[in-house]
Amino acid sequence: MSLVRSGNVFDPLSLDFWASADPLGVVRPLAEQCPVLTNVRVDWKETPTAHVFKADLPGVKKEAARVEVEGGDVLVISGERDAREELAGEGEAWRLAERSTGGRFRRRFRLPRGARLDQVQASMEDGVLTVTIPKDEAKKPQVKAVEISG
């Protein structure tokens, strides 16, 4: 049984969004073969001391999520969701399947200068991954008095 992401015409990752622009039926078969790479919602907040990322990963086990730093300035949040376990039984049929299951995800964020990539911390609680990246301490400008001659 193959489940595809269905949903609403206002969601650009939904197959319903592309259905009217796909009279030859090309999008659905391609979408069934490709993992959805951007189906993770992420908030990025900058505080005076850190960059804080919060990613919604419902149904993803901590062991299946990865946090990496690429090239010294790119944060990568990736992993894989378990396949849907609740298969339809005898006399049952799926009418709608909007929850993302069984696929890889990957989000990349280019970090600004001053991010302390050697001190990245990540934690996961209740399906929310939190990644905290401290910032370099802002150096206070050094003030030096200059004697005025004349």
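**Reading the fold and its aromatic rings**

Guide: The chain has two helices and seven strands, where helices (H or I, at least four residues) and strands (E, at least two) are DSSP runs, numbered from the N terminus. Read along the sequence, their pattern is α-α-β-β-β-β-β-β-β. This is a predicted model, in which local features need pLDDT of at least 70 and side-chain atom pairs count only at pLDDT 80 or more, while totals for chains, interfaces and linings use all residues. Residues are numbered from 1 along each chain as its sequence is written, and side-chain values use heavy atoms, with hydrogens and water left out.

Visitor: In what order do the strands of the open sheet lie?

Guide: Two strands pair if DSSP finds at least two bridges between them. Here an open sheet of four strands runs in the order S1-S2-S7-S6, with antiparallel pairing. S1 and strand S6 (121–125) stand at the edges with a single partner strand each, so one side of each has no neighbour in the sheet. From one strand to the next, the twist averages 15 degrees; axes are lines fitted to C-alpha atoms, for helices over the stretch in contact, and angles run from 0 to 180 degrees between N-to-C directions. Within the sheet, S2 and S7 pair in the antiparallel sense over seven bridges, and Ala55 stands opposite Leu129 in S7.

Visitor: How many aromatic pairs does the structure hold?

Guide: Rings of Phe, Tyr and Trp (its six-membered ring) pair if their centres lie within 6.5 Å; planes under 30 degrees apart count as stacked, over 60 as edge-to-face and the rest as tilted. The structure holds three such pairs. One of them joins Trp44 and Phe109 edge-to-face, at 6.0 Å centre to centre and 80 degrees between the planes. Trp44 lies in strand S1 (residues 42–46) and Phe109 in strand S5 (residues 103–110), so this pair ties together parts that are 65 residues apart in sequence.

Visitor: Is Trp44 buried or partly exposed?

Guide: Buried means under 20% relative accessible area, exposed over 50%, and partly exposed in between (1.4 Å probe, protein chains only). Trp44 is partly exposed at 38%, whereas Phe109 is buried at 11%. Phe109 also forms a tilted pair with Phe53, at 5.2 Å centre to centre and 50 degrees between the planes. Since Phe53 belongs to strand S2 (residues 50–56) and Phe109 to S5, the pair ties together parts that are 56 residues apart in sequence.

Visitor: Which residues have the most contacts inside the largest nonpolar core?

Guide: A nonpolar core is a set of buried Ala, Val, Leu, Ile, Met, Phe, Trp, Tyr and Cys residues joined through side-chain atoms within 4.5 Å. The largest one has 16 residues, and those with the most contacts inside it include Phe53, Ala55 and Leu57. S2, strand S4 (74–81), S5 and strand S7 (128–134) each supply at least two residues of this core. S7 gives the largest share, three residues.

Visitor: What does Val42 touch?

Guide: Contact means heavy atoms within 4.5 Å. Leaving aside residues up to four places away in sequence, Val42 touches Phe53, Lys54, Ala55, Arg107 and Phe109. Val42 lies in strand S1 and counts as buried at 19% relative accessibility. The C-alpha atoms of Val42 and Ala55 are separated by 4.3 Å, although the two are 13 residues apart along the chain.
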